[in-house]
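Please look at the sequence and the model below. A few questions on how its parts meet follow.

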Number of protein chains: 2
Amino acid sequence: MTLEILSTGDEVLLGDIVDTNSAWLCRQLMQLGLGVHAVSAVGDDIDDICRVVKAVAGRAELCIVTGGLGPTSDDVTAAGCARAAGTELERHAQALASMAGFFRRRGWELGPDNEKQAMLPKGADMLENCHGTAPGFKLAVSNCVFYCLPGVPSEMKKMFKDRVLPELVEKTGGRNALCIRRLMVFGLAESEVGRRVAGFEQAYPKIRLGFRAVFPMIEVKLVKSVKEASKDVAEEQMATAVTWVADRLDHRVISFEGLTLEQEVGRLLRAAGQTLSVAESCTGGLISHLITDVPGSSDYFLFTGVTYANSVKTGVLGVAEDILIAHGAVHEETAKQMAAGARRAGGSDWAVATTGIAGPSGGTADKPVGTVCVGVAGPDRLTARRFVLDAGSREKNKHLFAAAALEMLRRALAG
Amino acid sequence: MTLEILSTGDEVLLGDIVDTNSAWLCRQLMQLGLGVHAVSAVGDDIDDICRVVKAVAGRAELCIVTGGLGPTSDDVTAAGCARAAGTELERHAQALASMAGFFRRRGWELGPDNEKQAMLPKGADMLENCHGTAPGFKLAVSNCVFYCLPGVPSEMKKMFKDRVLPELVEKTGGRNALCIRRLMVFGLAESEVGRRVAGFEQAYPKIRLGFRAVFPMIEVKLVKSVKEASKDVAEEQMATAVTWVADRLDHRVISFEGLTLEQEVGRLLRAAGQTLSVAESCTGGLISHLITDVPGSSDYFLFTGVTYANSVKTGVLGVAEDILIAHGAVHEETAKQMAAGARRAGGSDWAVATTGIAGPSGGTADKPVGTVCVGVAGPDRLTARRFVLDAGSREKNKHLFAAAALEMLRRALAG
């Protein structure tokens, strides 16, 4: 099956956004064993969209289109597709009803601009949008089927999984299942991960191995396509392959279930029935934000103190002034006292603390940008370590520091 | 001038990488006042590349191609372009000399794979690569000029700036410039923004208007292409157009310079020489994380207390127990006391506080998921407001709550 992807929107051509939708769709289709023939992007222009849709229809059997379904005048995907199909837009009663329901559940009212979104090409099938207002649609142009999805990534992904994926699975012969394992790795560069698992293809020729950098982690994915009937056998083969990989990555695998560090830390705390507090300086609240992104985190998370000013490190966390004077804020001793202070203030079993220099300024010869001290306080321990981890930008450094702190906490929790 | 971008490489179509090269090139060209007509991607296949290059040559005057210039057998951009131009590859003496020089300076030796990289289409001009081994080239196919650059971003960017940019500046007569204005809007749905500025195209036919949802904000962009000589006049026209739009969006424009809420809050605090603390419950550290993402935020940000447990709201922030008993944690009075407590603990001029229910669980009939109370404490005020803002997921609700809190703080700061 010849398959293409088309994204619409001036924001792509103006370079305002990077087209992550297309990359995500390519990966999804790859997992189905469907190669994408070409990816293209056009602006919010009816003529351009019409021209490109016609060209794609002349060479592909299936095309997934994203973007341009919104309520404003620059959203013209439906109009461009209709023109390419030699038809017109018409008010689609089912689409309007679906949007009205979405609005009613939120206590909003439909406006005339939203009614524009219910104008679909004649003959199109509506694809319901459970996460937003823009309905998608499916339309045949010549011998090619176009699935037009919203540009908002969360809405696009949901609609793809709910409406497009099942049809593709059926088209490609039905009962194929996928065994997938995701190992999350922290503390090794992608090239080093690749080097360590060299030889995998020879050992397990029927399992596809993939790597993906999810900064600051590396996801190692094992994928095997199997017939539903033989799924148990495949699961067993997969388990030995996972062990093969994990042995070579040593203790750097932080989760065998695709969990992030904060999810794994939460799992360990919940299992132990213990609680956590956090003290942050350079990470500025990011650790706390990550921990509280996990639903149910209120069961184990109690308190974070983000203490930028030294006066607050002393006042709220009880860090001794003479430590700050003797060693400065970025030091193992400060990190220890911050962790102990957060544990005390929060009344929790555990605490983790960071103090460091995220940059771009503030570095010295002694403590360059990228220096971070992590402290961990627990029922029977108080430790600290210094790392130098410069990923090149303030934002990336904050993420790297947060991951280093969560990883040190994870190891302490795992005992 | 009709301009396209083409990226080559299986890694784009497999979804292994996100095509950031194209986005970067679009931005560069935009800044020159050159709109990109279309962006496309093809795999490492001579036939596919030849077909796409021919199609582009039929409709564009200039195309920038990235990728496929490497030493391995899957790098076939030169071969595909040569076939599209109806010519062949030949050993390019100057390219070979350039690569030999690059290797010699590093004490390396040229291998047979590298000699492949010196095979360029007959009639092509070589573009030297100062940062890597792969030489680029410039080739006319029909009436379209193709600039073929390496896929490695650092090499691509350097070659574009050194070799392509000067030629483009000359071609466009040098003096094209772009006037761009970015208005950031908070508190209106995209459809409502579009409705309010309807009629803009008629009032300002030469200014292009675009909308982009940057959750939870809407960016409204005004773009006008002008000759350098008349830039002042254009700036004046732009200023009246911006006023036209702003009048219709009322006080919902939070920045006329494309700033985010946290950047604008930082700008206001810095301008006033004042400081800030934060108390967070439901936002879990996100407000603090956003504020500290801004470089230099240590000049005005002092302290955040993320107080999930009621005992910590009392212990660290001094929220009265009887308030928590009488009203519960999610209440305007609690938000006020949290803000006042954070202001006191941090010793700052201002504080903002959130307490609410991000979901997915924890909602009641009285206080459904999406309920958030925001408190603001300042030198001469202590106020609180309740909002119900459900964006459908815990993560989105955290962002929406954080934005509502920053916006209430921004208005207080702006006086």
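**Strand pairing and packing**

Strand E2 (residues 38-42) of chain A pairs with strand E2 (residues 38-42) of chain B in the antiparallel sense, over five bridges. The model is predicted.

Q: Which residue is the bridge partner of A:Ser40 in E2(B)?
A: E2 of chain A and E2 of chain B run antiparallel where they pair. Within E2(B), the partner of A:Ser40 is B:Ser40.

Q: Which strand of chain B gives the most residues to the side that touches chain A?
A: The contact takes 61 residues from chain A and 55 residues from chain B. On the chain B side, seven residues come from the top contributor, strand E14 (residues 301-307).

Q: How many nonpolar residues are on the side of chain B that touches chain A?
A: Chain B brings 55 residues to the contact. By class, eight of the residues on that side are charged and 20 are polar. The nonpolar count is 27.

Q: Are H11(B) and H16(B) roughly parallel or roughly antiparallel?
A: Helix H11 (residues 261-272) and helix H16 (residues 394-414), both of chain B, pack with axes 10 Å apart. The angle is about 25°. Angles under 35 degrees count as roughly parallel. Therefore H11(B) and H16(B) are roughly parallel.

Q: In the contact of H11(B) with H16(B), how many residues are charged?
A: H11(B) brings residues including B:Glu262, B:Glu264 and B:Leu268, and H16(B) brings residues including B:Glu407, B:Arg410 and B:Leu413. By class, the contact has nine nonpolar and no polar residues. The charged count is four.

How values were computed. Residues numbered from 1 in each chain as written. Chains lettered and ligands numbered in written order. Predicted model: local features only at pLDDT ≥ 70, side-chain atom pairs only at ≥ 80, totals over all residues. Axes fitted to C-alpha atoms, helices over the stretch in contact; angles between N-to-C directions. Helix = DSSP H or I, 4+ residues; strand = E, 2+ residues; numbered from the N terminus. Parallel < 35°, antiparallel > 145°, perpendicular 65-115°, else oblique. Contact = placed C-beta atoms within 7 Å. Nonpolar A, V, L, I, M, F, W, Y, C, P; charged D, E, K, R; others polar. Pairing = 2+ DSSP bridges.
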